[in-house]
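Have a look at the structure first, then go through the points below.

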Amino acid sequence: RRFMFARTSAAARLLRCGGARARAAGRSRSLSGATEVAALGIPAQVVVAAQAATGAPWWLAIGGTTVALRVGMLPLLWYQLAETRRFGALRPQLAAIRDECRAIEPPSARAAQTLLRGWRCCRAASVQPLAIVAVPLVQIPLLIWSLVGIRRMVDAGSPLTEQMRAGGPGTRPQKL
C-alpha cells in the first residue's frame, strides 16, 4: 500500500521512481532530468550482501542489518550519555549564571549573555554541550535514510522484488 501523498503529484512520482532502468542501474532522475547516483541504494546493497553472505531469509537479513546499524552507533550513544552526566553536574553553576543574567535588558541580550556564559562554563569544565544533541542529529537522518532505501527494495520496478517474494530458506512466498 502506498502512502497517499506519494501518489498525488507527478514530481513525487518522478523523484520516487526515476524509471525502472535507472533504478535497476542504481541511479535515479532528479526533477531537472539529470541522472545521478542514488545514495538510497546503499542500504539495499548492504541488506542484499548480508542476505547473500548468510543465505538467511530476507526478513532476517533486514532485521540483522538494522541491529548491526544500532550496535554500530552504541559508542556515540555512550559518549552522549557521559557528556549528559557531566552536563548535569554543572546544573548549580548554570543556575547561578541564569540568575546573574536575569537583570539584563532587553531579553535578546539576556538570552545571548546566558548562552555565552553557559557555553564558557561548560567548556571550562571540558563538557561539550552539543554532544547532548549529537546522537539524534546523526541517528535520526541515518535511520530515515536506511528505511527509505530498504523501502525502495520492494518497489514495483526494483529487480529485487521477485527475489523477496520468493523469500529465502525457511520462508514461504509472501505477497508484497
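In this predicted model, helix H6 (residues 91–101) packs with helix H7 (residues 107–124) at about 155°, and their axes sit 9 Å apart. Angles over 145 degrees count as roughly antiparallel, so H6 is roughly antiparallel to H7. A second pair, H3 and H4, packs at an angle of about 120°.

**H6 with H7**

- The crossing here is right-handed.
- On the H6 side, the contact is made by Gln93, Leu94, Ile97, Arg98, Glu100 and Cys101.
- H7 brings Arg110, Gln113, Thr114, Arg117, Gly118, Cys121 and Cys122 to the contact.
- Sort the residues of this H6–H7 contact by type and you get five nonpolar, four polar and four charged.

**H3 with H4**

- Helix H3 covers residues 41–54 and helix H4 covers residues 58–72, with 9 Å between their axes.
- H3 passes H4 in a right-handed crossing.
- From H3, the contact takes in Val46, Val47, Val48, Ala50 and Gln51.
- H4 answers with Trp58, Ala61, Ile62 and Thr65.
- What's the split by residue type in the contact of H3 with H4? There are seven nonpolar residues, two polar and no charged.

Conventions: Residues numbered from 1 in each chain as written. Predicted model: local features only at pLDDT ≥ 70, side-chain atom pairs only at ≥ 80, totals over all residues. Heavy atoms only, no water. Axes fitted to C-alpha atoms, helices over the stretch in contact; angles between N-to-C directions. Helix = DSSP H or I, 4+ residues; strand = E, 2+ residues; numbered from the N terminus. Parallel < 35°, antiparallel > 145°, perpendicular 65-115°, else oblique. Left-handed = near helix turned anticlockwise from the far one by under 90°. Contact = heavy atoms within 4.5 Å. Nonpolar A, V, L, I, M, F, W, Y, C, P; charged D, E, K, R; others polar.
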